[in-house]
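Colleague: I am new to this structure and would like to know what stands behind the terms used for it. Could you take my questions one at a time?

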There are 2 protein chains.
Amino acid sequence: MSRSPRASDVAARAGVSRSAVSRAFTEGASVAPDTRTRIMAAAEELGYRVNYLARSLKEAAPSKLVALVVSDMDHSLRARLVDLLARRLVARGFRPVLLPWSQGDDPHRVIDMMLNYNVSGAIVTSDTPPGEISQQCARFGVPLVLVNKAPVDARAARVVQDTASAGRMAAELLHEAGCRRVLYAGQTRASFTIDDRRRVFCAALDDLGMTLAGEVTGPSQNHAGGMVAAGRYLAAKDRVDGVHCANDFLALGFIDGLRHAGVPRRDWPAIVGCDDIAEASWPAYDLTTLRQDPELLSEACIEALATRIAHPNSLAETRTISVAAVRRGTTRKTDID
Amino acid sequence: MSRSPRASDVAARAGVSRSAVSRAFTEGASVAPDTRTRIMAAAEELGYRVNYLARSLKEAAPSKLVALVVSDMDHSLRARLVDLLARRLVARGFRPVLLPWSQGDDPHRVIDMMLNYNVSGAIVTSDTPPGEISQQCARFGVPLVLVNKAPVDARAARVVQDTASAGRMAAELLHEAGCRRVLYAGQTRASFTIDDRRRVFCAALDDLGMTLAGEVTGPSQNHAGGMVAAGRYLAAKDRVDGVHCANDFLALGFIDGLRHAGVPRRDWPAIVGCDDIAEASWPAYDLTTLRQDPELLSEACIEALATRIAHPNSLAETRTISVAAVRRGTTRKTDID
DNA sequence: AATGGCGTTGCACACGTGTGCAGGTCCTCG
DNA sequence: CGAGGACCTGCACACGTGTGCAACGCCATT
């Protein structure tokens with residue numbers, strides 16, 4: 001067999017017109033049960049499959065392709081999110097097309113790819129995507145969902161962490177642990193969510209009668225960045241009793257920095273991270289953190305996208321995902337070494 | 001503007017035929033430079049983009065979509081691999097469609113999705129994919145690349161870890177550390193690569209004059225599984241001086257299990273993992289392991305796929321990716337606690 | 001000036017499918 | 001027996017693009 005069979009091949013074999021074949025594979029179309037079974041049998045023998053790309057040429061039937069713009073998949077939470085998004089999209093009959101985008105890449109490349117394959121919609125989870133993507137999507141009528149991004153266009157739906165309660169929660173966890181003077185460790189060029197949470201966190205410190213002893217920001221907010229932050233902390237050690245890190249990787253790196261410097265466990269400051277990645281619960285760290293549930297996050301994204309596709313002209317909504325405090329060892333006093 | 005502009009709209013605006021527009025957007029087609037610039041200007045004004053789905057209807061021009069069958073993206077190495085594969089595919093003009101597949105899912109669903117969107121090819125990295133996928137791909141002429149899988153079909157290209165040298169390397173690392181009686185920690189239902197490596201490892205132990213004191217296998221080969229393995233190790237503690245874990249997550253869990261049980265650092269057995277995930281280099285673990293370079297792995301996959309697409313009828317080849325020993329703390333004697 | 005060649009252009013068909021419309025069949029009811 | 005309706009089917013067109021073929025214009029060569 002040189003080329004894959006098409007509807008007319010099936011029609012010839014079943015002794016019907018090509019239209020009948022098309023209708024047999026269309027939900028709710030008008031076909032006699034007898035005819036349908038005969039068509040299906042012929043299709044089975046030939047190994048026929050409907051070509052969705054051809055089907056999607058009719059403007060009424062969208063392509064069902066959804067662009068997933070992603071960066072930094074090495075961040076385990078983001079990888080998990082992509083995994084869940086892909087699963088849910090497939091379950092709803094969509095097909096996720098993975099479009100990696102890194103800082104420095106030309107945004108037009110991503111836009112071109114989306115438009116060339118006239119996707120039904122797009123979900124953007126990469127960090128600091130240029131407003132250009134949002135504008136172009138709006139211009140060409142591509143339904144768009146932004147994850148943890150600042151509002152850039154009224155026609156782009158958003159799913160964002162509840163930073164207002166997250167920031168406050170971080171402060172309260174340190175307060176519970178008896179902290180008075182705390183440090184904030186973050187990134188020089190942070191994301192929208194992190195910036196917003198930091199702002200709320202600082203305000204909450206005041207409310208609770210604590211003081212911000214300082215901020216440590218570096219170029220990276222990964223494990224290595226956390227180790228650097230630990231070095232900076234050690235210089236101000238005696239004036240600080242608690243630390244809030246912008247994310248868990250930073251916090252784990254911070255802990256490894258302390259460990260590397262030989263600081264015994266009982267002398268560690270209270271530490272609160274954010275995200276609750278899998279590693280945070282490992283005994284080596286046992287990190288107190290704020291859980292951002294990727295199940296909820298992904299579900300909200302899919303629903304927002306579906307709404308956006310169904311009502312393209314409605315005003316874009318913003319969905320807020322609440323966070324939960326996960327109390328673990330790094331905010332408990334311990335006697336063990 | 002209700003619908004997106006098509007080639008005929010651009011043609012009308014530029015005062016040429018639709019064929020001229022098509023040629024203007026086709027590399028190497030015969031168009032006068034003057035005409036081309038006029039067409040491009042008109043296209044720019046209208047925001048016209050070539051519809052690749054329509055283009056791919058012509059059998060000569062393939063869809064450029066490539067299926068990426070993936071499971072367990074929470075495994076950080078696999079997430080990294082998917083990230084790199086997506087980047088390289090995009091760089092070569094392909095579009096990766098992410099198709100998650102988990103143990104228990106119906107393989108026919110994945111096959112249907114691939115054929116419905118008549119993909120140019122497929123890369124399968126999920127664990128233990130049923131032979132059915134390979135057979136169907138071969139039947140319908142879909143170029144296929146299997147990552148770290150057993151050979152199931154002569155027409156499917158494979159990219160596999162060099163298990164022969166990896167297994168031996170693991171044994172040698174333990175030998176270097178002065179081990180005599182070692183334990184193997186793995187999974188009851190392991191993957192092809194892991195099984196093969198284990199086989200070589202056991203044979204190499206004999207060669208080097210070491211003995212296999214036992215095997216610990218559980219249902220899962222993640223961090224939790226490693227902690228369970230540590231419990232089993234402690235029972236046979238005095239008869240064992242080295243451990244090889246099937247992968248790094250298992251090894252890290254093993255270490256956390258020791259830590260949880262209060263075993264001081266200097267009493268740990270020598271430990272060798274496999275993969276060299278990011279966490280392995282963190283000071284909390286400092287794990288000796290075998291590095292499987294995802295850059296090399298992904299590049300080999302793309303090249304194998306490209307070869308397969310270019311010569312669909314050639315015999316499928318198998319590419320072997322070598323591993324490198326990464327010597328770290330868990331195979332060094334230490335005095336610190 | 002005639003001829004040949006080359007570069008450019010348009011026509012028409014192909015790719016694989018969905019669907020409005022009209023015609024056909026068959027059943028039911030009056 | 002006739003009328004009407006419900007159900008099914010095929011024709012023909014549409015979706016947006018690539019490309020073989022032939023025609024055309026222009027230039028250089030003879």
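Modeller: Keep in mind that this is a predicted model. Start with S4(B) and its neighbours, strand S3 (residues 121-124) and strand S5 (residues 157-161) of chain B.

Colleague: What makes S3(B) and S4(B) a pair of strands?

Modeller: Pairing requires at least two bridges found by DSSP. S3(B) and S4(B) have 3 bridges between them and run parallel, so they count as paired. One of the bridges sets B:Val124 against B:Leu146.

Colleague: And how do you know that S4(B) pairs with S5(B)?

Modeller: By the bridge count again: S4(B) and S5(B) are joined by 3 bridges in the parallel sense, and at least two are required. Here B:Val145 has B:Ala157 as its bridge partner.

Colleague: Which way do the residues of S4(B) point?

Modeller: B:Leu144 and B:Leu146 point one way, B:Val145 and B:Val147 the other way, and all are buried.

Colleague: What makes strand S6 (residues 181-187) of chain A mostly covered?

Modeller: The count of buried residues does: 6 of the 7 residues in S6(A) are buried. S6(A) also runs parallel to strand S7 (residues 211-218) of chain A, with 7 bridges joining the two. Within that pairing, A:Leu183 stands opposite A:Gly214.

Colleague: Why is the pair of A:Phe249 and B:Trp282 called edge-to-face?

Modeller: The ring centres are 6.2 Å apart, and a pair needs centres within 6.5 Å. The planes stand at 85°, and an angle over 60 degrees counts as edge-to-face. The pair is therefore edge-to-face. This pair crosses between chains: A:Phe249 is in helix H11 (residues 248-260) of chain A, and B:Trp282 is in the loop between strand S9 (270-272) and strand S10 (289-291) of chain B. Both residues, A:Phe249 and B:Trp282, are buried.

Colleague: What kind of pair do A:Trp282 and B:Tyr285 form?

Modeller: Edge-to-face as well: the centres are 6.1 Å apart and the planes are at 80°, which is over the 60 degrees that the term requires.

Colleague: Why do you say that this pair joins two chains?

Modeller: Because A:Trp282 lies in the loop between S9 and S10 of chain A, while B:Tyr285 lies in the loop between S9 and S10 of chain B.

Colleague: Are these two residues buried or exposed?

Modeller: Buried means under 20% relative accessible area. A:Trp282 has 5%, so A:Trp282 is buried. B:Tyr285 has 2%, so B:Tyr285 is buried too.

Colleague: Which residues form the aromatic cluster?

Modeller: A:Phe249, A:Trp282, A:Tyr285, B:Phe249, B:Trp282 and B:Tyr285 form one cluster.

Colleague: What charged end sits over the ring of B:Tyr285?

Modeller: That of B:Arg259, 5.6 Å from the ring centre; the distance limit is 6 Å. In chain B, the charged end of B:Arg55 likewise sits over the ring of B:Tyr52, at 5.0 Å from its centre.

Colleague: Turning to the DNA, which residues are closest to DNA strand C?

Modeller: DNA strand C is surrounded by 27 residues, the closest being A:Ala7, A:Arg18, A:Ser22, A:Arg55 and B:Thr35. Of the atoms of DNA strand C that come within 4 Å of the protein, 58% belong to sugar and phosphate.

Colleague: What makes the approach of A:Arg55 to DNA strand C a polar contact?

Modeller: An N or O atom in the side chain of A:Arg55 is 2.4 Å from a phosphate oxygen of DNA strand C, and the limit for such a pair is 3.5 Å. For A:Ala7 the atom is a polar backbone atom, 2.6 Å from a phosphate oxygen.

Colleague: Which residues come nearest to DNA strand D?

Modeller: Among the 26 residues around DNA strand D, the nearest are A:Thr35, B:Ala7, B:Arg18, B:Ser22 and B:Arg55.

Colleague: Which part of DNA strand D does A:Arg23 contact?

Modeller: A base oxygen, which is 2.8 Å from a side-chain N or O atom of A:Arg23. B:Ser22 instead has a polar side-chain atom 2.4 Å from a phosphate oxygen of DNA strand D.

Conventions. Residues numbered from 1 in each chain as written. Chains lettered and ligands numbered in written order. Predicted model: local features only at pLDDT ≥ 70, side-chain atom pairs only at ≥ 80, totals over all residues. Heavy atoms only, no water. Buried < 20%, exposed > 50% of the residue type's maximum accessible area, 1.4 Å probe, protein only. Helix = DSSP H or I, 4+ residues; strand = E, 2+ residues; numbered from the N terminus. Phe/Tyr/Trp six-rings, centres within 6.5 Å; stacked < 30°, edge-to-face > 60°. Lys NZ or Arg CZ within 6 Å of the ring centre and 35° of its normal. Near = heavy atom within 4 Å. Polar contact = N/O pair within 3.5 Å; in protein donor to acceptor, adjacent residues only side chain to side chain.
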